[in-house]
Amino acid sequence: MIVLALGDVFGAPGLDIVREKLWSVRRHYRADICVVNGENASGLGLTSAQARTLHESGADVITLGNHTYSKKEIADFLEDNDFIIRPANYAPSAPGRGYTIYDTGKHRLCVINLSGQVFMRTGFESPFLKADEILKKLPEDIKHIVVDFHAEATSEKNALGYYLDGRVSAVFGTHTHIQTADERVLPKGTGYITDIGMTGVRESVLGSSVESCLKFFLGDPLIRIETASGQAEICGVIIELDDKTGKCVSIERMRIS
Ligand SMILES: [Fe+2]
Ligand SMILES: [Fe+2]
């Protein structure tokens with residue numbers, strides 16, 4: 001099974017490149033299933049219309065993060081649709097679900113979304129214990145499991161990778177928007193990368209305009225951070241999983257302009 005995962009889609013430029021290119025990228029890598037982090041499709045959060053656009057453009061499963069509820073209307077959409085998930089370790093009262101099982105007819109893949117606790121908003125439960133809880137609940141015949149770990153601290157991401165090594169097929173990080181060069185298969189067969197990067201404008205500060213971010217960092221109290229414009233890129237990973245065992249065969253970074 002080949003799984004393609006795309007990092008945080010940022011603003012209109014990110015959505016546009018996904019709409020224009022995702023089906024051809026999927027074909028190029030012969031991806032069976034595509035997982036896309038959509039938490040920044042509106043900059044902060046995403047609308048139900050944007051979620052539908054991502055889905056129709058080839059995102060079989062949409063994952064989210066700390067900006068899940070920035071557009072409040074998404075709450076009902078999260079309840080009604082099982083192709084979109086938000087971090088499983090939000091408080092139990094949070095709308096939506098934290099994992100889903102996607103079935104292509106030929107393959108079944110469980111996708112779990114978790115948030116880090118370190119340097120993130122308060123209110124998330126332990127991603128480590130939440131992962132245990134979900135894995136215990138899954139049917140035994142589910143061997144293919146990937147985790148989008150939406151987190152800031154590289155240490156927490158590394159630690160969760162090792163915690164789940166041999167128990168899930170892959171753990172990939174999102175949220176920092178900067179792709180890391182540490183992709184590898186961990187000793188017990190789990191694919192791992194600290195962050196898969198961002199799908200948005202390349203010459204930007206994490207997807208926002210360089211000018212507005214520089215004013216912000218220079219102390220301008222009136223500045224509004226704006227989405228960058230310009231050439232967008234797609235960042236992500238291609239993960240090959242053994243069809244029988246679910247172990248990771250290979251994990252490769254991808255960056256396409
Ligand atoms: Fe985030
Ligand atoms: Fe993000």
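The legends below describe close-up views of one predicted model.

Local features are given where pLDDT is at least 70 and side-chain atom pairs at pLDDT 80 or more, while totals for chains, interfaces and linings use all residues. Residues are numbered from 1 along each chain as its sequence is written, and chains are lettered from A and ligands numbered from 1 in the order in which they are written.

**View 1. The whole chain.** The chain has 6 helices and 12 strands; these are DSSP runs numbered from the N terminus, with at least four residues (H or I) for a helix and at least two (E) for a strand. Of the 257 residues, 48% are buried. A residue is buried if 20 or more other C-beta atoms, placed from the backbone, lie within 10 Å of its own, exposed if 12 or fewer do, and partly exposed in between.

View 2. Six strands form an open sheet with mixed pairing, in the order S4-S5-S6-S7-S9-S8. Two strands pair if DSSP finds at least two bridges between them. S4 (99–103) and S8 (184–185) stand at the edges with a single partner strand each, so one side of each has no neighbour in the sheet. S4 and S5 (residues 108–115) run antiparallel and are joined by 5 bridges. Tyr 102 has Leu 109 in S5 as its bridge partner. Helix H4 (residues 127–137) packs on the sheet and touches S4, S5 and S6 (145–150); its direction makes about 155° with that of S5. Such angles run from 0 to 180 degrees between N-to-C directions, with axes fitted to C-alpha atoms, for helices over the stretch in contact. Contact means that the C-beta atoms of two residues, placed from the backbone, lie within 7 Å.

View 3. In S7, 5 of the 5 residues are buried, so the strand is largely enclosed by the rest of the structure. Ala 170, Phe 172 and Thr 174 lie on one side, and Val 171 and Gly 173 on the other. In a regular strand the side chains alternate between the two faces of the sheet. S6 and S7 run parallel, joined by 5 bridges, and Phe 149 stands opposite Gly 173. The chain crosses from S6 through H5 to S7 in a right-handed β-α-β crossover; right-handed means that, with the strands pointing away from the viewer, the path from the first strand over the helix to the second runs clockwise. S7 also pairs with S9 in the parallel sense over 3 bridges, where Val 171 stands opposite Tyr 192.

**View 4. The two sides of helix H2.** Gln 50, Ala 51 and Leu 54 are buried in H2 (residues 48–56). Seen down the helix axis, the buried residues fall within an arc of 105°, so they line one face of H2. The arc is that of the directions from the helix axis to the C-beta atoms. The face turned away from the buried side carries exposed Ala 49 and Glu 56.

**View 5. Two loop residues with positive phi.** Arg 30, in the loop between H1 and S2, has a phi near 55°. Phe 119, in the loop between S5 and H4, has a phi near 60°. Most residues other than glycine have a negative phi.
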